[in-house]
Amino acid sequence: MRLILLGAPGAGKGTQAQFICERFKIPQISTGDMLRTAIKEGTELGLKVKEIMNSGGLVSDDIIIDLVKERISQPDCENGFLFDGFPRTIPQADAMKEGGVKLDHVVEIAVPDEEIVNRLAGRRVHQPSGRIYHVEHNPPKEPGKDDVTGETLIQREDDQESTVRNRLSVYHEQTAPLVDYYQQWAAQDPENAPEYHRIEGVGSVTDITRQVKEALS
Ligand code: AP5
């Protein structure tokens, strides 16, 4: 099982990825999480990408493509993987296609912009594990604490409203064209292209998970 979760920032990719990866026993490859770890650890990569990430812009295609190629060559990716937040530009999608990386599914989670601004204001994250909560829609058992470890949850630096609006405009300009890219590929070459599924991402987390499971079954 090799799949892409496509959608705007805050559409619920990370939330659904948790369920899909558990069910199919595949690793979640979140380029955003990999970059945030690099920033936290103060690596050369982290220093390079910190400013652009905090402003809501995209990191350069070369950096991302190298990062992903290296990650999918690891043994835990042999039986599949889930891309969360990648590809995000046409050149990134082309790099996978030209590199012969076969994909089974693209799942688009579609959510209107105004809903997204509200969701990201209430998002809380357990940084070491990547577990995601929302203060109202998906609250932890104890406010501000991770359900598994009891550690403190944080708010991401790029979840401020002005940054979220910038991330949304970057999404519409650079990432949304991938919807057409994968739909056209599926129509023209169904044998080799990944199957395309569009899920309306507004509703309870459980209901969206059910729709994603149906699409993948
Ligand atoms: P990244 O970490 O990938 O962020 P993103 O795509 O902007 O997506 P998010 O993680 O913000 O949202 P999500 O869709 O996972 O939503 P979530 O499940 O958390 O990227 C960050 C930055 O890294 C980029 O801006 C860029 O700079 C850089 N970067 C990363 N990849 C790159 C690439 N390939 N190329 C270039 N640069 C790259 O849900 C959001 C909230 O909503 C949560 O609180 C959740 O609990 C809640 N929620 C989820 N589902 C529902 C629901 N159904 N109803 C109500 N609330 C819900």
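**A ligand and its surroundings in a predicted model**

Visitor: Is Gly 99 buried or exposed?
Guide: In this predicted model, the relative accessibility of Gly 99 is 52%. The term exposed applies over 50%. Because Gly 99 stands at 52%, the residue counts as exposed.

Visitor: How far apart are the C-alpha atoms of Gly 99 and His 137?
Guide: Gly 99 belongs to the loop between helix H5 (90-98) and strand S4 (105-110). Along the chain, 38 residues separate Gly 99 from His 137.

Visitor: Which residues are the closest to the ligand?
Guide: The ligand is surrounded by 36 residues. By class, this shell has 14 nonpolar and 14 polar residues, together with eight charged ones. The closest residues are Thr 15, Gly 57, Arg 88, Arg 123 and Arg 167.

Visitor: Which element gives the most residues to the shell around the ligand?
Guide: Elements that give two or more residues to the shell around the ligand include helix H1 (13-24), helix H6 (113-121), strand S6 (131-134) and helix H9 (205-216). The element that gives the most supplies four residues, and that element is H2.

Visitor: How far is a backbone N or O atom of Ala 11 from an oxygen atom of the ligand?
Guide: Ala 11 is placed in the loop between strand S1 (2-6) and H1, and UniProt, in an unreviewed entry, includes Ala 11 in the feature "binding site". Because its relative accessibility is 4%, Ala 11 counts as buried. Beyond four places in sequence, its contacts are Ile 109, Val 111, Ile 116 and Arg 119. Between a backbone N or O atom of Ala 11 and a ligand oxygen, the distance is 3.2 Å.

Visitor: Is Gly 14 buried or exposed?
Guide: Gly 14 has its place in helix H1. Residues up to four places away in sequence aside, Gly 14 touches Gln 28, Asp 84 and Ile 132. Its relative accessible area is 13%, and under 20% the term is buried. Gly 14 is therefore buried.

Visitor: How far is the backbone nitrogen of Asp 33 from a polar atom of the side chain of Ser 30?
Guide: Ser 30 is part of strand S2 and, with a relative accessible area of 8%, is buried. Outside the four places on either side in sequence, Ser 30 is in contact with Arg 36 and Asp 84. From a polar atom of the Ser 30 side chain to the backbone nitrogen of Asp 33, the distance is 3.0 Å.

Visitor: What is the value of phi for Lys 25?
Guide: Lys 25 lies in the loop between H1 and strand S2 (28-30). With a relative accessible area of 70%, Lys 25 is exposed. Its phi is positive, although the residue is not glycine, and the value is near 55°.

Visitor: What is omega for the peptide bond that joins Phe 86 and Pro 87?
Guide: Pro 87 sits in the loop between strand S3 (81-84) and H5. The bond joining Phe 86 to Pro 87 is cis, with omega at about -10°.

Notes
Residues numbered from 1 in each chain as written. Predicted model: local features only at pLDDT ≥ 70, side-chain atom pairs only at ≥ 80, totals over all residues. Heavy atoms only, no water. Near = heavy atom within 4 Å. Polar contact = N/O pair within 3.5 Å; in protein donor to acceptor, adjacent residues only side chain to side chain. Nonpolar A, V, L, I, M, F, W, Y, C, P; charged D, E, K, R; others polar. UniProt positions renumbered as here; feature names shortened; annotations may be inferred. Buried < 20%, exposed > 50% of the residue type's maximum accessible area, 1.4 Å probe, protein only. Contact = heavy atoms within 4.5 Å.
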